[in-house]
Each structure stands twice: as structure tokens, then as C-alpha cells.
Amino acid sequence: MPQRFHHNGRSVEVKIDIDTCTACQLCYDRLPQVFTDRGDGIPLVVFKVPIENLMEELIQIAEDCPSNSILIL
Ligand code: SF4
């Protein structure tokens, strides 16, 4: 499920491409404040804290995702 928030005055959406995600666990191991295992290894996007201070880390993890499945729109 995509999640939307505001960052620097614009609306930003974070979602997972579940067709390409390999359930490698990297995203929720590194950023559990934003991603959680939905039960089968595929992450859900859940903002447990205000996201603004995590943007740099979120962008880095999206770049590190081996299948480029984290979409920041
Ligand atoms: S890092 Fe990418 S491939 Fe790995 S679980 Fe997260 S979205 Fe899926």
C-alpha cells in the first residue's frame, strides 16, 4: 500500500513494486520506521514516525534496493 506525505512543500508517495521485489529484507532491516514485512517477505510502507528526518536514508535504501522496487514519486 503506498503512503503519501509532504516533504519540502510537495506531496511525496512511497510505494513498493511487488512485481519486482525479491523480498530480500534489506529495506525493513535497515529502516523499520518506514517498512515492515507484510508476512511473506514483501514490505509494506508504514510511517511509524515523521518521515522528514529519514528522507536521506530512505533515498539511499531505494538506491540500494537490488531490484529497484522502492518507488519515491
Ligand atoms: S529492498 Fe527492495 S527487494 Fe528487498 S525487500 Fe525491500 S523492496 Fe523488496
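**View 1. Ala62 in helix 2 of a predicted model.** Ala62 is found in helix 2, where helices (H or I, at least four residues) and strands (E, at least two) are DSSP runs numbered from the N terminus. With a relative accessible area of 12%, Ala62 is buried, a word that here means under 20% relative accessible area, while exposed means over 50% and partly exposed lies in between (1.4 Å probe, protein chains only). Leaving aside its neighbours within four places in sequence, Ala62 is in contact with Asn68, Ile70 and Ile72, contact being heavy atoms within 4.5 Å. Arg38, by comparison, is 24 residues from Ala62 in sequence and 18 Å from Ala62 in space, C-alpha to C-alpha. This is a predicted model, in which local features need pLDDT of at least 70 and side-chain atom pairs count only at pLDDT 80 or more, although totals for chains, interfaces and linings use all residues. Residues are numbered from 1 along each chain as its sequence is written, and side-chain values use heavy atoms, with hydrogens and water left out.

**View 2. The bridges on either side of strand 2.** Strands of a sheet pair through backbone hydrogen bonds, either parallel or antiparallel. Strand 1 and strand 2 (residues 10-16) run antiparallel and are joined by five bridges, and Phe5 has Val12 as its bridge partner in strand 2. The hairpin of these strands has two residues between them, and in this hairpin Asn8 takes a positive phi near 50°. Strand 2 is also joined to strand 5 by three bridges, again antiparallel, with Lys15 standing opposite Leu71 in strand 5.

**View 3. Ser69 and its surroundings.** Ser69 lies in the loop between helix 2 and strand 5, and is buried, with a relative accessible area of 2%. Not counting residues up to four places away in sequence, Ser69 touches Lys15, Ile16, Asp17, Thr20 and Cys21. A polar atom of the side chain of Ser69 lies 3.1 Å from the backbone nitrogen of Cys21.

**View 4. Cys24 and Cys65.** Cys24 counts as partly exposed, at 41% relative accessibility, whereas Cys65 counts as buried, at 10%. A search of the whole structure finds zero disulfides, a disulfide being a pair of cysteine sulfur atoms within 2.5 Å.

Definitions and conventions. Two strands pair if DSSP finds at least two bridges between them. A polar contact is a pair of N or O atoms within 3.5 Å; within protein, one must be able to donate a hydrogen and the other to accept it, and residues adjacent in sequence count only if both atoms are side-chain atoms.
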